[in-house]
Amino acid sequence: MIRNRPRAVAILVAAVAACVAPLLLSDLTFFVQTVQAAIVVTGLALLMGYAGQASLGQGAFVAVGALTVAVGTTHWGLPPLLVLLLAPAVAAAFAAVVGIPLLRLQGHYLAFGTLALLLMVQTAMSSFDLLGGAYGISGIPAFGVGSWVAVGQLPYAYLALGCLGAVLLLSARIADSRFGRSMRALAGSETAAESAGVPVQRSKVAVFALSASYAGLAGAVGTFFTPYVSQDSFPATASFTYVIMAVVGGLGTMWGGVVGAVMVSALLQVLNTVSSQPGLPPTAAPIMQYATYGALLVLALLFMPRGIVPTLDSGLGRLRTRPQVGARA
Amino acid sequence: MNELITYLVSGVALGSSFALIGSGFVVVHRVTRVVNFAQGSLAIIGSMLSSSLLARHLPHFAGEAVAVALSGLVGLLVGLVAIGKRGTHPLNSLIITLGLSFLAAAVVILVWGQDPVSPPGLTGHTRLFGAEVEQQRLLVLGLTLLAFAGLAVFFSRTYLGKALTASASNPYAARLVGIDVRRMGLLAFAISGVLGGLAGVLIAPSNALSFYSDLPLALSGFAAAVFGGLVSPLRTLAGGLGLGVAGELTAGYLNGSYQTEVALLLMLVIMIARSSSFVPEEAK
């Protein structure tokens, strides 16, 4: 209990700050996008950290969630709350179907396979009119429950926060469950996990679908906020950014996804402000963005391969246990 | 009939550039088990360098050769970062090279701007089996075949090539007989830089390249390399040519915008069909 006190305080402070921030900010686009990314990255950190599988195409599932909302509301006239709940389910079902063949791949193959999946989802979106075609889907109604309809940006900020809270709670429950332990065994050694009775293939598909459902939920929230969806909404760079956030924050931790998403988003926002200063050439923005992405990934993996949260954790742990050196070895 | 021949010939020409990039993946993966995501960026840097050098009135061939040599140096740098630190897991190295491809994009925009660049190449056309073909594309095909022949001879007939293969098949045993496995890995990265640069120098005159082309280039090259299980140069060549022909046939008879998707779908099918044979090798 004592070991967790600084962490509990930090979480409480962050939660309060996140709840107060929307009231103080004048434009909430950045806030909603950051929370949205945090939801996706929490799932990706589960997939990469616990199950040891890399996905370079997590945007595919964000797109499926977004399309569920866009098509559900504009074509079939479904109520917003229903499509919000449907989005993660549809994304998970899609991931389970494509995951059965795709997850027979490992390592590099899976990374490239998921990237190929994302590009194919993009093509499907631009080729079929139901999914947006050349013009995308606009005219998505505002979010609402019953007779209450969201006005302005503020409700979406809290909707996104609520979803993030739900996702984190669910992840915490899962990590401590029998399923969570079997996932961690998978990341260690598939052969060992299998011989201990873990259904390897089924567990991998399950965690893939779980991370996809988070991505789908984030896509749904983002679509109600924007309210527009087209194939350009989910570029490959965005999916790479999720990987960067997951790696920077720390794989296989509850909070790594949130920490990574907030830090990388904040850094990009600062860069945006700096590069739009008068006197700088128009190429300054892309140069800074690419250079930051690259430097972050390389430096994080070389010098902090476990990410910020685990590194901080073990650092604090070491400080606290210094009197009894060797106790934690 | 004439149409079909045109598609086949241009498909083979296109496919040879896939194969050339794929060979870069193969050389690095054979020796280090790392997939070098920056392979596409190496091609772009090669093409940009050659266009700058040719614009500075360096004669043809000399300009291209210097660009290819410099790309080899860049490949070596990529290797130093990706595998220079001991104990870096291959999957971590993949993400490091992804980061390096972002850095390369930043450098390319800084030095050459955002617009596509297309250095001068051969401009004429030749009739082949009754079909018009750009001479530049024939040059690509010829040099690709030469490069693959060179690789085959290098790996099977020279001491250095055999040392590379030895470090690939059993790093521990290679170390026992006095081969510096890490240095061999860096050498592989340098060779992949040369191959990537060569691909860029050859592709750019007929398809202009920009910082944005790294992903399509890397994906098509990886798709070709998948046919060879990421270790066999010869099957990579066959895979690249097959993908090129399949893509051109799709573009010709169905729809041009599905060209990439067909390549990606073929890649997925091959990967999944062969997945059981990948597993033991990846598990090491």
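In this predicted model, Ala246(B) sits in helix α10 of chain B, the stretch covering residues 233–253. Leaving aside residues up to four places away in sequence, Ala246(B) touches Val262(B) and Leu266(B).

Next comes the meeting of the two chains. The size of an interface is often given as the accessible area lost when the parts come together. Here, chain A and chain B bury about 3,700 Å² between them, and 82% of that comes from carbon and sulfur atoms. Three residues stand out on the chain A side: His108(A), Tyr109(A) and Phe112(A) provide 23% of the area that chain A buries against chain B, more than any other three residues do. In terms of contacts, 40 residues of chain A meet 41 residues of chain B.

What kinds of polar link turn up between the chains? There are 0 salt bridges between chain A and chain B, and 1 residue pair is in polar contact, counting pairs with both residues at pLDDT 80 or more. On chain A, the elements that give two or more residues to the side touching chain B are α4 (80–102), α5 (107–127), α10 (236–249) and α12 (284–303). That side of chain A is made up of 30 nonpolar residues, 9 polar ones and 1 charged one.

Inside chain A, a pair of helices is worth a look too. Two packed helices are described by the angle between their axes and the distance between the axes. For helix α2 (residues 29–50) and helix α11 (residues 256–275) of chain A, the axes come within 8 Å and cross at roughly 145°. The crossing of α2(A) and α11(A) is right-handed. From α2(A), the residues making the contact include Phe30(A), Ala37(A) and Val41(A), while those from α11(A) include Gly257(A), Val262(A) and Gln269(A). Sorted by type, the residues of this contact between α2(A) and α11(A) come to 8 nonpolar, 5 polar and no charged.

Notes:
Residues numbered from 1 in each chain as written. Chains lettered and ligands numbered in written order. Predicted model: local features only at pLDDT ≥ 70, side-chain atom pairs only at ≥ 80, totals over all residues. Heavy atoms only, no water. Contact = heavy atoms within 4.5 Å. Buried area = accessible area lost by both parts, 1.4 Å probe. Salt bridge = Lys/Arg side-chain N within 4 Å of Asp/Glu carboxyl O. Polar contact = N/O pair within 3.5 Å; in protein donor to acceptor, adjacent residues only side chain to side chain. Helix = DSSP H or I, 4+ residues; strand = E, 2+ residues; numbered from the N terminus. Nonpolar A, V, L, I, M, F, W, Y, C, P; charged D, E, K, R; others polar. Axes fitted to C-alpha atoms, helices over the stretch in contact; angles between N-to-C directions. Left-handed = near helix turned anticlockwise from the far one by under 90°.
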